[in-house]
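Thank you all for making the time this morning. I would like to walk you through one structure slowly, beginning with the chain as a whole and then turning to how its parts pack. Please have a look at it before I go on.

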Amino acid sequence: MSSKTLVLIGRRISMALPILFGVVLVTFVLIHVLPGDPAAMYASGPNAGPDEIKAVRAALGLDKSMVEQFWIYLQHLARLDLGRSMSTGQTVIHDFSERLPATLELAAFAFTLSVIIALPLGILAALYRDSLLDQAIRAITSVSAAMPGFFFGLILIFIFYFLLEASPEPVGRLSSWSFPPERVTGFYLVDTLVAGDFALMREAVAKMLLPAASMAIFAIAPLMRMMRGGMIDALDSDYVRAARAYGLAPWRVTLQYALPNAMLPVLATMAMVISTMVGANVMIEKLFGWPGIGAYGVNALVGLDYAPVQAFVLIVAIMFVVLTLAIDIVSSLIDPRYELKG
């Protein structure tokens with residue numbers, strides 16, 4: 001890794017720190033101005049007495065000023081203490097460690113599905129631009145961009161579960177009569193592979209197909225558009241014309257010369273897409289009963305459970321920063337000129 005790449009990494013990290021602080025501050029303020037009193041909720045319900053509510057508020061630190069609460073929260077973050085969930089009674093780190101693998105596995109599966117569909121279609125649309133194939137692919141892109149993930153999920157459930165009965169019950173990661181594999185990573189596909197239980201792996205894949213397709217629908221449009229636009233620019237470039245003039249095979253010109261240069265804007269889009277998948281899969285997880293951090297965050301928000309909601313937003317923001325940094329590094333390896341642009 002060159003010194004310019006290291007400088008690029010340091011610059012990105014220095015730019016990310018103020019952003020993360022802003023995320024922490026805005027999330028903290030927004031959560032604390034929500035209507036409702038968590039002290040009254042966790043005292044003993046709406047019929048709790050004033051003294052009982054006051055004691056719970058003191059125990060939660062809600063009797064202090066907003067500035068004091070925020071300073072205490074920052075001190076806890078510095079110790080990697082994300083607090084304790086009032087709903088589950090467990091630390092937030094424990095709850096997230098149990099649920100984060102489910103979210104990441106679903107997001108990775110959905111992202112892989114969207115890439116497998118979007119990139120080849122984008123390349124074909126560029127190779128046969130303005131043809132009927134190109135117009136059909138662009139129509140698919142428009143429908144994909146306009147289709148809400150949860151609505152597409154409902155359509156998939158209706159068709160494949162109710163009508164065709166080709167899909168398992170769209171709830172959870174496994175069937176109710178199946179036991180999860182021995183936990184090694186928390187990723188069922190990995191754990192079943194380690195255990196050699198391929199029947200359970202097939203069941204886990206079948207359970208993921210509908211929610212993953214529902215998440216992938218919104219990612220297909222931006223990836224396909226960026227792939228098509230990048231490939232058109234690359235195919236019209238001078239170096240591709242020169243390669244064709246030398247008599248190189250069309251497949252070699254496309255894959256060896258045009259595709260690597262067209263991938264740079266696509267990689268940047270990939271970082272935004274996969275981070276959005278992790279953070280915006282709340283409705284999909286609720287729809288399919290998926291036990292991930294999205295559904296956990298929604299339940300915490302409804303229950304005025306501050307710590308999990310703040311942790312959810314912070315973790316998603318950190319994932320976005322890390323993924324963006326990773327894409328920057330990959331882009332600089334593909335095209336060294338990217339280091340200078342950074």
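This is a predicted model: local features need pLDDT of at least 70, side-chain atom pairs count only at pLDDT 80 or more; totals for chains, interfaces and linings use all residues.

**Contacts, helices and cores**

Let me start with contacts across the chain: among those in the protein chain with a separation of 6 or more, 74% are between residues 24 or more positions apart. The protein chain has 15 helices and zero strands, and of its 342 residues 44% count as buried.

As general background, nonpolar side chains in soluble globular proteins tend to be buried together. In our model, the largest nonpolar core has 70 residues, and the members that touch the most other members are F96, M227, M231, M263, M270 and M277. If we take M231 as our example and leave aside its neighbours within four places in sequence, we find it in contact with I123, A126, T254, A258, L259 and A262. There is also a second, separate core of five residues, which includes I31, L62, A300 and V309.

Now to the helices themselves. When two helices pack, they are described by the angle between their axes and by the distance between those axes.

How do helix 6 and helix 9 cross? Helix 6 covers residues 132-146 and helix 9 covers residues 198-235, and their axes come within 7 Å and cross at roughly 140 degrees. That angle makes helix 6 oblique to helix 9, and the crossing of these two helices is left-handed. On the side of helix 6, the contact is made by D134, I137, R138, T141, S142, S144 and A145, while helix 9 contributes I217, F218, I220, A221, M224, R225 and R228. Sorted by class, the contact of helix 6 with helix 9 has seven nonpolar, three polar and four charged residues.

Staying with helix 9 for a moment, I would point you to A213, which is found in that helix. The C-alpha atoms of A213 and S114 are separated by 8.0 Å, although these two residues are 99 residues apart along the chain. Leaving aside its neighbours within four places in sequence, A213 is in contact with L113, F152 and L156.

Helix 6 also packs with helix 5, which runs over residues 92-127; the angle is about 140 degrees, and the axes are 8 Å apart. Helix 5 and helix 6 are therefore oblique to each other, and helix 5 passes helix 6 in a left-handed crossing. The residues that make this contact are L121, L124 and A125 of helix 5, together with L133, D134 and I137 of helix 6. By class, the contact of helix 5 with helix 6 divides into five nonpolar, no polar and one charged residue.

Helix 5 has a further partner to show you, namely helix 13, which covers residues 293-302; here the axes come within 8 Å and cross at roughly 135 degrees. That makes helix 5 oblique to helix 13. The contact is made by V92, D95, F96, R99, L100 and T103 of helix 5 and by I293, G294 and Y296 of helix 13, and the residues of this contact divide into five nonpolar, two polar and two charged.

**Some single residues**

Next, please look at F320, whose place is in helix 14, residues 306-334. Is F320 buried, partly exposed or exposed? At 37% relative accessibility, F320 counts as partly exposed. Leaving aside its neighbours within four places in sequence, F320 is in contact with M272 and S275.

L80 lies in the loop between helix 4 (66-78) and helix 5, and L80 has a positive phi of about 60 degrees although it is not a glycine. With a relative accessible area of 65%, L80 is exposed. E165 lies in the loop between helix 7 (149-163) and helix 8 (188-195), and E165 has a positive phi of about 50 degrees, although it is not a glycine either. At 66% relative accessibility, E165 counts as exposed.

I will stop there, and I am happy to take your questions.

Methods:
Residues are numbered from 1 along each chain as its sequence is written. Side-chain values use heavy atoms; hydrogens and water are left out. A nonpolar core is a set of buried Ala, Val, Leu, Ile, Met, Phe, Trp, Tyr and Cys residues joined through side-chain atoms within 4.5 Å. Buried means under 20% relative accessible area, exposed over 50%, partly exposed in between (1.4 Å probe, protein chains only). Contact means heavy atoms within 4.5 Å. Axes are lines fitted to C-alpha atoms, for helices over the stretch in contact, and angles run from 0 to 180 degrees between N-to-C directions. Helices (H or I, at least four residues) and strands (E, at least two) are DSSP runs, numbered from the N terminus. Angles under 35 degrees count as roughly parallel, over 145 as roughly antiparallel, 65 to 115 as roughly perpendicular and the rest as oblique. A crossing is left-handed if the near helix is turned anticlockwise from the far one by less than a right angle, and right-handed if clockwise. Ala, Val, Leu, Ile, Met, Phe, Trp, Tyr, Cys and Pro count as nonpolar, Asp, Glu, Lys and Arg as charged, and the others, Gly among them, as polar.
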